[in-house]
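Hi everyone, thanks for coming. Today I'd like to talk through the aromatic rings in this one.

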Amino acid sequence: MEQPILQVEHLTKFFSVGPHAEVHAVDDVNFTLRRGRTFGLVGESGCGKSSCARTIIRIYEPSQGKIIFNGQDIAHLKPHQMQPVRRNMQMIFQDPYASLNARMTVRDIIAEPLKAHHVCKSKQEVDEKVFAMLNRVGLTAEHAGRYAHEFSGGQRQRVGIARALIMNPKLIIADECISALDVSIQAQVVNLMKDIQQETGTAYLFIAHDLSMVKYISDRIGVLHLGHLLETGTTEEIFADPIHPYTRSLLSAIPLPN
């Protein structure tokens, strides 16, 4: 079988909150994500979803466990060793306004990864890639000279998606990237992500608490509660035959239109 793009094995992240106290934000989490697929991570607020995502991408240092990305265990690599890894692993953050530099134009924000990884040889090549990516996410070259505060929430999130995609990564971690958006804009952003996945074969770790949206985009789902992964399965298995009582309670909270 083809090697998974991401294998998380016994991942644990503790935060020290005093001389003799720890918070177990992520506790012995295990799952696998295959290339070109989407793994949905769901759970209520404060259950450890974002901590798990930030630990996988090494914003937080893991306390224990393995993070095998593209065949390499990256859990304890030094910062300079993470540089080539970050070309293939990007993140879309929850708050599009807070994650975009207010002092930089959209062109500079999207071009920043290209400059950091020395991908382009000239300013013209950078501009060509940036303008092409803006068109790809539903914006235009005219937006390149604007600042983040001049956009709506949905447009800002598209800029965040463009920044994540500009390096053509193998994995994108989407940390509640639609939770701050209106329902109609959520659908536009998720459809955009699905279209890009079909074009590029990018894998997504899609984190959300909206189960109906997770059902729409995910191939497999994991249910997280108090740092523990309680249940994993295909989307059909989780929605048709949930095993854990917590999963059943989450599914019962989905509003039914009448």
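Let's start with F39, which is buried at 1% relative accessible area. Buried here means under 20% relative accessible area, exposed means over 50%, and partly exposed is in between, using a 1.4 Å probe and protein chains only. F31 is buried too, at 6% relative accessibility.

Quick word on where this comes from: it's a predicted model, where local features need pLDDT of at least 70, side-chain atom pairs count only at pLDDT 80 or more, and totals for chains, interfaces and linings use all residues. Residues are numbered from 1 along each chain as its sequence is written, and side-chain values use heavy atoms, with hydrogens and water left out.

So, how many aromatic pairs does the structure hold? There are 2. Rings of Phe, Tyr and Trp (its six-membered ring) pair if their centres lie within 6.5 Å; planes under 30 degrees apart are stacked, over 60 edge-to-face, and the rest tilted.

F15 is partly exposed at 28%, and Y60 is partly exposed at 26%.

Then back to F31 and F39: they're stacked, 4.5 Å centre to centre, with 10° between the planes.

Last, F15 has the charged end of K13 over its ring, 5.0 Å from the centre. That label needs NZ of Lys or CZ of Arg within 6 Å of the ring centre and within 35 degrees of the ring normal.
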